[in-house]
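I opened my notebook to look through this structure one topic at a time. Here is what I looked up, in the order I looked it up.

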Amino acid sequence: MADVFEDEAEQTVSIQEYLKNVEDEELEADLILGGDEGKECTYNNGYMKRQALFSCLTCTPDGNAGFCTACSLSCHDGHEIIELWTKRNFRCDCGNSKFGEFYCKLFANKDIENTENSYNQNFKGSYCTCGRPYPDPDVEEQVEMIQCCLCEDWLHEDHLGLESSDEIPRDEEGEPTYEDFICQACANTCSFLMLYPPTIWAPVRQCGPSLNSGKEENVSAGTHSACASSSKLENCIVSLDTPNMDSVTDAAPETVKDGKVVSFEGEYVTNMGLRECNQSTRSCSTCSLGVDLRVTPTILEKSKPMFLAKNWRGLLCRCEMCLEVYTQRSVSFLLDKEDSIAEYENMAKQKRQEKMQQQEGAELNFLNKLGHVEKIEILSGIADMKNEFRSFLENVDSSKPITTADVHQVFENLAKKRQRLL
């Protein structure tokens, strides 16, 4: 019997904790959905830079279609739906030829197919190099996954191609310090990033004898040896080294020296003083790298995943030569600030704030339309309710859970007070 009361006690929360949890869940939903309230199909918006997507295995078991939040709520209720979080450059498929006789309830007049959409294994409910579903029914504890910003697949931390998950850039609280991640399979596509200064890479905490390791030791990369124990932080350094720099091959001799990437002038790339390009997608007048990537490609002998620092996209060169390489490798989206997940979440937070301000404005407009007596009655009623709840919370036994009967009693007390006033 005692066990029953212990379980009940563990499930109880305070009003403040409950409201905080509700607010956190609403914020998390807004971040995932990009602030989309799911009222209208996004088809008319065309190929959106980034949006929350879903796949329906009931309608398209081959995983060759995706649809927006509104269609997931209005058109696929009760179906086996897979939440894909976000994808880039996608247009809602709901109800097109891939769905057979099924039609979209929100916007039926759609093209037969969205030819620019791309689909990976996620649309079938498979993730990572292991091809497992998420959540995985065969494991007790779900392992955290990371999304590659190129292929947009999700990978388990222990399947990234690292010697240890300790090589993932995190702060002392375990929170990620990187903005974007490029998986091992996509690393060669962006091998030109090896020519940039170490400042574009997220810092990794490494073991080392001291902070005075010398300039060349900081520039050279290779496999990271992460700290084996967080209890020995005094023997660790924070490294900004570029990953696997010593595996760059097939570049012009004047761009690689002793395993280190250098500029044509023979100075290390870290000394270039690379500036942030504020010209958006417009081309800069000169190449920041001093290397023509079209004729001096970098190829990695052994690819490793890349963890990019915050705001790293702003450091990418936008000269005509580099823009041509981005286009050839189909990675021009890296130059678009709105493509990043960080910017997607920032826009979601802004939409949430605007929505809350609109709600407050609607409440004020409602009050302004009322007469003086009606305003006083409403404000007085709100004050009475606050006072009654405050009195209840001050006198409630904190060791006992709040029940439905307790809440009903609060409103009964309010009703009795109103009757006495009348």
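Before starting, I wrote down one cut-off: a residue is buried under 20% relative accessible area, exposed over 50%, and partly exposed in between. I also noted that this is a predicted model.

**Entry: salt bridges around Lys-49**

I searched the whole structure and found 15 salt bridges. I began with Lys-49, which pairs with Asp-336, their closest N and O atoms being 3.3 Å apart. Lys-49 sits in strand β1 (residues 48–56) and Asp-336 in the loop between α5 (320–328) and α6 (341–368), so this bridge ties together parts that are 287 residues apart in sequence.

I then found that Lys-49 also forms a salt bridge with Glu-338, at 3.4 Å between the closest N and O atoms. Glu-338 belongs to the loop between α5 and α6, so its bridge to strand β1 joins parts 289 residues apart in sequence.

Are these residues buried or exposed, or something in between? Glu-338 has 34% relative accessibility, so I put it down as partly exposed. Lys-49 is partly exposed at 46%, and Asp-336 is partly exposed at 22%.

**Entry: a buried bridge and a network**

Next I looked at Glu-167 and Lys-304, whose side chains meet in a salt bridge of 3.4 Å, N to O. Glu-167 is in the loop between β4 (154–156) and β5 (180–182), and Lys-304 is in the loop between β11 (299–300) and β12 (306–308), so the pair ties together parts 137 residues apart in sequence. Both of these residues are buried.

I also noted one network, in which salt bridges that share partners join Arg-50, Arg-88, Glu-152, Asp-180, Arg-313 and Asp-339.

**Entry: His-76 and its contacts**

I found His-76 in the loop between α3 (69–74) and β2 (81–90). Its relative accessibility is 0%, so His-76 counts as buried. Which residues does His-76 touch, not counting those up to four places away in sequence? I listed Cys-56, Cys-59, Phe-67, Cys-71, Ile-81, Cys-94, Phe-99 and Phe-102.

In α5, I found Cys-322, Val-325 and Tyr-326 buried. They cover an arc of only 100° around the axis, which puts them on the same side of α5. The face turned away from that buried side carries the exposed residues Glu-320, Thr-327 and Gln-328. Just after α5, Ser-330 takes a positive phi of about 60°.

**Entry: aromatic rings**

My search of the whole structure gave 10 aromatic pairs. One of them is Trp-85 with Trp-154: the ring centres are 5.2 Å apart and the planes are at 50°, so I called the pair tilted. Trp-85 is in strand β2 and Trp-154 in strand β4, 69 residues apart, so to speak a link between distant parts of the chain. Both Trp-85 and Trp-154 are buried.

Phe-99 and Phe-102 have ring centres 6.0 Å apart and planes at 35°, so that pair is tilted too. Phe-99 is buried at 6%, while Phe-102 is partly exposed at 21%. Ring pairs link Phe-67, Phe-99 and Phe-102 into a cluster.

**Entry: charges over rings**

Last, I checked arginines. The charged end of Arg-88 sits over the ring of Phe-333, 3.6 Å from its centre. The charged end of Arg-91 sits over the ring of Tyr-43, 3.9 Å from its centre.

Methods: Residues are numbered from 1 along each chain as its sequence is written. This is a predicted model: local features need pLDDT of at least 70, side-chain atom pairs count only at pLDDT 80 or more; totals for chains, interfaces and linings use all residues. Side-chain values use heavy atoms; hydrogens and water are left out. A salt bridge is a side-chain nitrogen of Lys or Arg within 4 Å of a carboxyl oxygen of Asp or Glu. Helices (H or I, at least four residues) and strands (E, at least two) are DSSP runs, numbered from the N terminus. Buried means under 20% relative accessible area, exposed over 50%, partly exposed in between (1.4 Å probe, protein chains only). Contact means heavy atoms within 4.5 Å. The arc is that of the directions from the helix axis to the C-beta atoms. Rings of Phe, Tyr and Trp (its six-membered ring) pair if their centres lie within 6.5 Å; planes under 30 degrees apart count as stacked, over 60 as edge-to-face and the rest as tilted. A charge sits over a ring if NZ of Lys or CZ of Arg is within 6 Å of the ring centre and within 35 degrees of the ring normal.
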